[in-house]
2 protein chains.
Amino acid sequence: MKIYLVLLGCVSLFFTAMVKAEIVSSEKTSGVELSADWRTPKAESVLLMQLDSGRVVIELAPQFAPNHVANIKQLVSDGYFDGSKILRSQDNYVVQWGDPDEGTEQARSIGKASSKLKVEFFADHSELNFAAIESRDAYAAEVGFVDGFPAASDGKRAWLAHCYGMVGVSRGMGDDSGNGSGLYVVTGHAPRHLDRNVTLVGRVIKGMPLLSSLPRGTGDLGFFESAEETIPIKSIKLATSLGDKSVSQQIMDTNSAVFEEHVAKRTTRSEEWFLEPTGKIELCNVGVPTR
Amino acid sequence: MKIYLVLLGCVSLFFTAMVKAEIVSSEKTSGVELSADWRTPKAESVLLMQLDSGRVVIELAPQFAPNHVANIKQLVSDGYFDGSKILRSQDNYVVQWGDPDEGTEQARSIGKASSKLKVEFFADHSELNFAAIESRDAYAAEVGFVDGFPAASDGKRAWLAHCYGMVGVSRGMGDDSGNGSGLYVVTGHAPRHLDRNVTLVGRVIKGMPLLSSLPRGTGDLGFFESAEETIPIKSIKLATSLGDKSVSQQIMDTNSAVFEEHVAKRTTRSEEWFLEPTGKIELCNVGVPTR
């Protein structure tokens, strides 16, 4: 074991060995972790994106964007994304996908889906399971998690936050110029200035590396410049269409004591490796453990 | 032009078309951009890492870590990294490189370089060109830029911040267990809890996509599990050894009025595309323009 090279005190985020290790350690110290502390996403809110390289699992957030989620589910049911393409990979920013022929005569039909939807950002704070964390946030008065999704709030309204792995709806200039037929995922440092400017609809809960390690597009904004560069999407399907066992991921309940402990550990960083335990945390550095 | 698919209001960070576009626009509106607003890094502080896929350019920060920078330059002069390997690629975290045989009998000699160096974090705020920005930072009382590097401060001491593209020195458990023979670069959301815990020595000013889009390692912490998976580093050389014209990048002077304007634009986000201009900024979302 070449300990010397190992950078300990690892930040992790989604699906890393270190997060798993921390969970194991939390099990050992607290001994109170229950299956009730974890939830399995509802199959009706899960999309399965099949690439040649493997599967990406996305959990949708109808709590915040009911119309967009319904429209995306309609598009998915109609097979809209089957055979579509990843069109853009911009370093430290986003990967984006959709119909490469959008806007041309060859464009796919969106069928029964709506062609225009007004942006959807806000949910009523009092109606959500908002688990606030202690953090001095650059962008919002309050930040925390709602059902596993990073979120921000002004105390009355809450909205989703553009952390790594969050999925949003591409749009043009107008506030009704998106409909979910073009989607993107955050693959770099959180572009939080997009909060309340683009509709977020969910989060990748498995398979981020398949998207984040794609070659970067050489065109403006990281778009791929030729059809050869685009990455084929075999299909995007609703988990419900693939049977009950299609969702195997479990996500730590962000309203549980175990999650509170997880946040506390990532805030204090009291492991021996740290010379100056942090005592601070930032929303997009919390990470919601998945197993 | 398929405007519909273009996600405008792009965050960017280093080397993206959008940053360039913003610079162009700043030139147009202000008309005051001077060559004095840009600086060319000193060749003596620039490392050139040659991969099969291209060149990565790193600017060193002796202002903050003079002993580590001197040691790394000694290692580089001795060809220590020529034929070394990228050993780790952990999603949303870091890429790390060094001697794959570290800790074994086949380990490379570090020659005249020091084998142990105490961590170096702090510089005297009053002796730096600290350009503070207005931002409510989760981790520090004050944040801003020093000679193009993102930095934080308590008003007296200043230290470098772990933003995307920052380069640091791997270490083990002790505060003198690193020496610069193992290095890493941040490839994901800023792991700011590492500030003042690992010595930062510089920043990638060109070629980040060559590192950030590498396949992720499947071992613990993203280490590559076999020699076949590791990525060869042809060489790391000092720019001085390659002649005066080896550094072609220019970096916006972070103490210039043009940079102030850049920060203001990225704070207000008053472009028509934004529905709710942000009015806020976070250190690692500023980005220092390079040309």
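Across the interface of chain B and chain A, 35 residue pairs are in polar contact, both residues of each pair being at pLDDT 80 or more. The model is a predicted one.

**Interface of chain B and chain A**

- On the side of chain B that touches chain A, the elements giving two or more residues are helix H1 (17–30), strand S4 (85–89), strand S5 (94–98) and helix H3 (208–212) of chain B.
- H3(B) gives the most to this side, with 3 residues.
- By class, this side of chain B has 39 nonpolar, 23 polar and 18 charged residues.
- Contact involves 80 residues of chain B and 80 residues of chain A.
- About 7,000 Å² is buried between the two chains, and carbon and sulfur atoms give 57% of that area.
- The interface holds 2 salt bridges; one of them joins Arg196(B) to Glu276(A), with the closest N and O atoms 3.5 Å apart.

- In chain A, 5 of the 5 residues of strand S9 (residues 149–153) are buried, so the strand is largely enclosed by the rest of the structure.
- Phe149(A), Ala151(A) and Ser153(A) point one way from S9(A), Pro150(A) and Ala152(A) the other way.
- Strand S8 (residues 142–146) of chain A runs antiparallel to S9(A) and is joined to it by 5 bridges; Phe145(A) has Pro150(A) as its bridge partner.
- The hairpin of S8(A) and S9(A) has 2 residues between the strands, and Asp147(A) in the turn has a positive phi of about 50°.
- S9(A) also pairs with strand S10 (residues 157–160) of chain A, antiparallel and over 3 bridges; Ser153(A) stands opposite Ala158(A).
- The hairpin of S9(A) and S10(A) has 3 residues between the strands, and Gly155(A) takes a positive phi near 100°.

Conventions
Residues numbered from 1 in each chain as written. Chains lettered and ligands numbered in written order. Predicted model: local features only at pLDDT ≥ 70, side-chain atom pairs only at ≥ 80, totals over all residues. Heavy atoms only, no water. Buried < 20%, exposed > 50% of the residue type's maximum accessible area, 1.4 Å probe, protein only. Helix = DSSP H or I, 4+ residues; strand = E, 2+ residues; numbered from the N terminus. Pairing = 2+ DSSP bridges. Contact = heavy atoms within 4.5 Å. Buried area = accessible area lost by both parts, 1.4 Å probe. Salt bridge = Lys/Arg side-chain N within 4 Å of Asp/Glu carboxyl O. Polar contact = N/O pair within 3.5 Å; in protein donor to acceptor, adjacent residues only side chain to side chain. Nonpolar A, V, L, I, M, F, W, Y, C, P; charged D, E, K, R; others polar.
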